[in-house]
Amino acid sequence: MAAVEELQNLISGTAERHGHSVVGLGRGWALGSGTIIAKDKVLTNAHNLRRDEVTISFADGARETGTVAGVDPDLDLAVIDVPTNGRPPLEWAEGTEASIGSPVLALGNPGGRGLRVTLGFVSSGPRSFRGPRGRRVAGAIEHTAALPRGSSGGPLLDGDGRLLGINTIRVDGNLILALPAAALRERVESLARGETKSSPRLGVAVAPPRVARKMRRAVGLPEREGLLVRGVQDGSPAAAAGIERGDLIAGSGERAIASVDELYAALDSLPDDGKLPLTVVRGTDERELEVSFS
């Protein structure tokens with residue numbers, strides 16, 4: 001019974017000490033949860049936002065209207081400006097690595113419907129997943145602390161109540177992935193200052209290399225590594241550069257492109273002039289195109 005009482009005290013103590021730092025987004029039917037990280041600043045997931053203003057519900061039942069300070073849709077992060085009226089922020093767990101078996105506590109306040117606190121354990125080494133816009137997010141913490149729908153954006157705490165991560169996505173087996181707080185702190189602080197940075201968007205939908213190889217074989221074309229363009233957004237940089245549905249994106253300058261991550265790497269290393277060279281294969285013809293983002 002002593003061990004059970006210790007766990008009970010850990011969970012109830014966490015709720016008492018840190019529950020006031022967890023907020024709900026929206027009213028009733030949950031948008032999500034959020035975490036007070038500084039005076040008048042709430043951190044949440046970008047996918048929880050529907051507009052520039054959002055209702056913030058605090059643990060004591062008070063509500064305030066918050067406005068978006070900054071968003072990073074690639075990392076699925078957003079910071080909201082809202083009066084926190086003296087409610088304390090959570091302490092960051094700087095430099096702390098969550099190893100397999102480490103106990104963690106997950107908190108949420110889904111849509112302001114009340115505080116949830118659950119106990120779990122880190123269940124794997126650092127994971128990666130694709131964010132809402134397809135970019136790979138590395139270093140995620142996988143854990144077993146169960147959470148109801150609407151808890152994304154809430155904090156994941158270590159046994160000392162420090163902020164380890166931001167609960168973000170549910171995966172197979174009802175496991176949760178949390179964004180690593182310490183690794184993202186600098187980015188979060190820049191969002192809190194309103195420094196929203198948009199990564200360049202090419203404006204294409206692509207198929208993975210294995211699909212591209214299969215489809216080229218099916219129509220009698222030679223195999224070639226690359227990303228098959230399944231669609232081009234009207235008015236996008238890709239459309240302006242002349243990229244068409246059915247093209248194979250095979251490279252950028254001296255860089256071969258055989259995966260979505262390699263395409264993102266090329267976009268991330270965009271030259272100062274805002275022009276990206278792309279090698280495109282159309283049928284059997286190879287051509288060099290220049291995509292302008294300026």
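Which residues does Ala15 touch, not counting residues up to four places away in sequence? Ala15 touches Leu115 and Val117, where contact means heavy atoms within 4.5 Å. The model is predicted: local features need pLDDT of at least 70, side-chain atom pairs count only at pLDDT 80 or more, and totals for chains, interfaces and linings use all residues. Residues are numbered from 1 along each chain as its sequence is written, and side-chain values use heavy atoms, with hydrogens and water left out.

Ala15 belongs to helix H1, residues 2-18; helices (H or I, at least four residues) and strands (E, at least two) are DSSP runs numbered from the N terminus. With a relative accessibility of 26%, Ala15 is partly exposed, a class between buried (under 20% relative accessible area) and exposed (over 50%), with a 1.4 Å probe and protein chains only.

Ser252 lies in strand E16, which spans residues 248-252. Ser252 counts as buried because its relative accessible area is 9%. Leaving aside residues up to four places away in sequence, Ser252 touches Ile257, Ala266, Leu276, Pro277 and Leu278.

Arg149 sits in the loop between strand E10 (136-143) and strand E11 (155-157).
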